[in-house]
Amino acid sequence: CQRELVIDSYPATLNWQITVKNTHPTSPSTVLGVSDPRLPGFQFSPAPPFDLGLCEETSATFPMTTQS
């Protein structure tokens with residue numbers, strides 16, 4: 001899901017949310033890592049490695065302040 005926003009004043013704090021889903025149809029999955037090169041300093045919680053059962057998902061929110 002992508003959204004487009006217009007920022008009218010700076011500094012502005014943007015809140016990013018990353019969701020990890022287990023899409024395997026019959027087995028649990030082990031998440032070995034979560035990263036996004038556009039979010040320096042991002043740390044997913046819970047910290048990998050962690051397991052997701054069938055159809056499970058987990059999300060983490062990360063605030064980032066932009067100056068311009």
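Here are some worked exercises on the structure above.

Before you start: this is a predicted model, where local features need pLDDT of at least 70, side-chain atom pairs count only at pLDDT 80 or more, and totals for chains, interfaces and linings use all residues. Residues are numbered from 1 along each chain as its sequence is written, and side-chain values use heavy atoms, with hydrogens and water left out.

**Exercise 1. Work out the fold pattern and the overall dimensions of the protein.**

Step 1. Go through the secondary structure, taking helices (H or I, at least four residues) and strands (E, at least two) as DSSP runs numbered from the N terminus. You end up with zero helices and four strands, which read along the sequence as β-β-β-β.

Step 2. Check the radius of gyration, taken over C-alpha atoms, against the globule rule of 2.2 Å times the number of residues to the power 0.38. The protein has 15 Å, while a compact globule of 68 residues would be near 11 Å.

Step 3. Sort residues by relative accessible area: buried is under 20%, exposed over 50%, and partly exposed in between (1.4 Å probe, protein chains only). Buried residues account for 22% of the 68.

**Exercise 2. Find the salt bridges and say which partners are buried or exposed.**

Step 1. Apply the cut-off: a side-chain nitrogen of Lys or Arg within 4 Å of a carboxyl oxygen of Asp or Glu. That gives two salt bridges.

Step 2. Take glutamate 57 and lysine 21, whose side chains meet at 4.0 Å, N to O. Glutamate 57 sits in strand E4 (residues 57–66) and lysine 21 in strand E1 (residues 12–21), so this pair ties together parts that are 36 residues apart in sequence. Glutamate 57 is partly exposed at 48%, and lysine 21 is exposed at 54%.

Step 3. Now look at arginine 38 and aspartate 36, with their closest N and O atoms 3.2 Å apart. Arginine 38 is exposed at 67%, whereas aspartate 36 is buried at 19%.

Step 4. Stay with aspartate 36, which lies in the loop between E2 and E3. Look for a polar contact (a pair of N or O atoms within 3.5 Å; within protein, one must be able to donate a hydrogen and the other to accept it, and residues adjacent in sequence count only if both atoms are side-chain atoms). The aspartate 36 side chain reaches the backbone nitrogen of arginine 38 at 2.8 Å.

**Exercise 3. List the largest nonpolar core and sort out the ring pairs in the structure.**

Step 1. Collect buried Ala, Val, Leu, Ile, Met, Phe, Trp, Tyr and Cys residues joined through side-chain atoms within 4.5 Å, which is what makes a nonpolar core. The largest one has eleven residues: Ile18, Val20, Val31, Val34, Leu39, Phe42, Phe44, Phe50, Leu52, Ala60 and Phe62. E1, strand E3 (50–52) and E4 each give two or more residues to this core.

Step 2. Pair up the rings of Phe, Tyr and Trp (its six-membered ring) with centres within 6.5 Å; planes under 30 degrees apart are stacked, over 60 edge-to-face, and the rest tilted. There are three aromatic pairs.

Step 3. Phenylalanine 42 and phenylalanine 62 have ring centres 5.4 Å apart and planes at 85 degrees, so they are edge-to-face. Phenylalanine 42 is in the loop between E2 and E3 and phenylalanine 62 in strand E4, so the pair ties together parts 20 residues apart in sequence. Both residues are buried.

Step 4. For phenylalanine 44 and phenylalanine 50, the centres are 5.8 Å apart and the planes at 5 degrees, so this pair is stacked. These two are buried as well. Ring pairs link Phe42, Phe44, Phe50 and Phe62 into a cluster.
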